[in-house]
Amino acid sequence: MCGIVGAISERDVQGILLEGLRRLEYRGYDSAGMAVVDGGQAVQRAREVGKVAALVDAIEGNPLKGHLGIAHTRWATHGEPSRINAHPHMSGDRLAIVHNGIIENYQELRQELKTDGFAFTSQTDTEVVAHLIEKNYRELGDLYSAVKATIARLRGAYALAVVHADEPDHLVVCREGSPLVVGVGIGENFIASDQLALLPVTDRFMFLEEGDIADIRKDRIDIHDREGTPVERSTHRFEHGADSADKGEYRHFMLKEIHEQPRVIKATMEGRVTASRVLEQALGTDAENLLDHVRHVQIIACGTSYHAGLVARYWIEEVAGLPCSVEVASEFRYRKHVIQPDTLFLCISQSGETADTLAALRQAKQAGFRAALAICNVPGSSLVRESDLVIMTQAGPEIGVASTKAFTTQLTSLLIFTLALARHNGLSEEKESEIVQALHLVPGQVNDVLSLDGEIEELARGFMDKNHTLFLGRGSLYPVALEGALKLKEISYIHAEAYPAGELKHGPLALVDSEMPVVTVAPNNDLVEKLKSNLEEVRARGGELFVFADREAGVASEDSLHAMQLPPVHEITAPIVYTVPLQLLSYHVAVLKGTDVDQPRNLAKSVTVE
Ligand code: F6R
């Protein structure tokens, strides 16, 4: 998704803006640009299609000098990726804006502005906003009032940052439906769509609320809410080390993030479990009262987070004994639902800014759910701010577009939540203790799996020249198979599908031949014998099997069966541990195929538009 950075300082801001853009690359984008106001003289602008590096090359011999600037990475929604569609957009040669989001009524505004004599150079919805601000500026005479009058006419979602060469001592920003943070400096201030962009210059952040408009100067930040009332937004310190945005010794962020999992799973447990119990107070002051009343759980999420929800359904029904439904947010939000009394609405989202998930949450709040719980990785995100109860995963910033550590920390949080809920529904102390102890073993077990990296890399060679792959799992490992298939298609572009192994003979078996590798996860649970029969069905058709199996499950390598032995794991925690070899497999296939692992084509990290 689009990324925004802005700065006002005593020093030249070009370097700050470029570093900010580099740090936003993970969100996915197709072009980049920046505009700098040089001491009130003029706005200088540079824009390039492709990577931020192309922008750096373009301005190398001709730097943009000035103390006030805005910059942007674009992910095309209106108009193809091209230099003229790249941001910043300008009206005349003195006003520049960057925008993240979608203006729904841009066509009608465009017509109106054309009638007023404004000429359009791009196909974007953003240029409409630039001209509308300029029109209001001519009437009202100051930038802040012009932006305020403009947003009163916009429908849709936006975060905007605006500069004007006639007012070189400030920038005006606002948000409605798209994220925007203010970075607080000393004698300088910044804005960005994500805190990560600003970590080299500050670790103090203010999160703007929906409808806020802010006037950012070197030494002052004035914020007004939707009603025009002056408001204070508290300042938070960034909680993770500034190094989170560096690859360190790893070749890719994805690999680094896969290897961080033992640490971040542990961090997600910290303060929430003792050696044998879940501390439900750690889920929030209202948790105890709320969990007492919950009779049903409705989970909503997208993509990888949806898969975490599917695993949680097995846990909630098995361990807590309560009915649980799971649905992708983009479907849920557009259909009528029957809400069972005392249903808890549970949203799972790494970013907390996914448009469909937020829309589903906002609907749910009107629809009569008992309460809304969020499982999220980004403090201060819209999801966190709009939910009644929050469990923060402690994954730290996830930069690779393909989600890895966010998923396993979501699972960890969901299991902790399940245990807290189960305690209100008759779970014995003994069983709770057994599962909590199993959870404590997970970081070590994930480490054991990570030590198989070299062997998994070897296995990956078997996929390099394949066009399709089938993933199989049973029970709570079926969503793990779904997640394995999603990872493989996202980063290696190999078509992959997942099935519950028992469904094989109801159709997909027809696809199996020597060109269709079949990947299976097989912990030693009560379904393993049935799974082994499914594997025989594949082998009998000449299929090549790649099986990640519990070393005590009795699955050994032979002919067309490649078995990778995993440590014994409790059946409840197996989905967390068995996710990791599938992440490594996809990673190595992608590296062997030479794809862009951290920024796969056509994908964005944070999907803030519908
Ligand atoms: C896949 C992936 C996506 C996200 C999805 C939801 O690797 O990362 O499928 O899981 O876009 O994003 P969040 O969790 O931020 O709501």
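Here's a short tour of this predicted model, going from a helix pair to the nonpolar cores and then to one helix with its surroundings.

**Stop 1: a helix pair.** Select residues 303-320, helix α9, together with 478-492, helix α16. Their axes come within 8 Å and cross at roughly 170 degrees. Anything over 145 degrees counts as roughly antiparallel, and α9 and α16 therefore run that way relative to each other. Now show side chains: on the α9 side you want G303, T304, H307, L310, V311 and Y314, which meet Y478, P479, L482, E483, L486 and K487 of α16. That contact is made up of seven nonpolar, three polar and two charged residues.

**Stop 2: the largest nonpolar core.** Pick F548 and Y578, which touch the most other members of this 90-residue core. Domain 2 (247-427) and domain 3 (446-599) each supply at least three residues to the core.

Stay on Y578 for a moment. What does Y578 contact, leaving aside neighbours within four places in sequence? Its partners are L477, V480, V521, A522, P523, F548, A549, D550, L566 and V569. There's also a second, separate core to visit, with 30 residues, among them V36, V52, L64 and F207.

**Stop 3: helix α7.** Select 261-269 and pick out the buried residues: Q261, P262, V264, I265, T268 and M269. The cover over them includes α6 (253-259), α13 (405-423), α14 (429-450) and α18, the helix from the previous stop. Finish on G271, which follows α7 and has a positive phi, near 80 degrees.

Technical notes. Residues are numbered from 1 along each chain as its sequence is written. This is a predicted model: local features need pLDDT of at least 70, side-chain atom pairs count only at pLDDT 80 or more; totals for chains, interfaces and linings use all residues. Side-chain values use heavy atoms; hydrogens and water are left out. Axes are lines fitted to C-alpha atoms, for helices over the stretch in contact, and angles run from 0 to 180 degrees between N-to-C directions. Helices (H or I, at least four residues) and strands (E, at least two) are DSSP runs, numbered from the N terminus. Angles under 35 degrees count as roughly parallel, over 145 as roughly antiparallel, 65 to 115 as roughly perpendicular and the rest as oblique. Contact means heavy atoms within 4.5 Å. Ala, Val, Leu, Ile, Met, Phe, Trp, Tyr, Cys and Pro count as nonpolar, Asp, Glu, Lys and Arg as charged, and the others, Gly among them, as polar. A nonpolar core is a set of buried Ala, Val, Leu, Ile, Met, Phe, Trp, Tyr and Cys residues joined through side-chain atoms within 4.5 Å. Buried means under 20% relative accessible area, exposed over 50%, partly exposed in between (1.4 Å probe, protein chains only). Domain bounds come from an automatic or database domain assignment.
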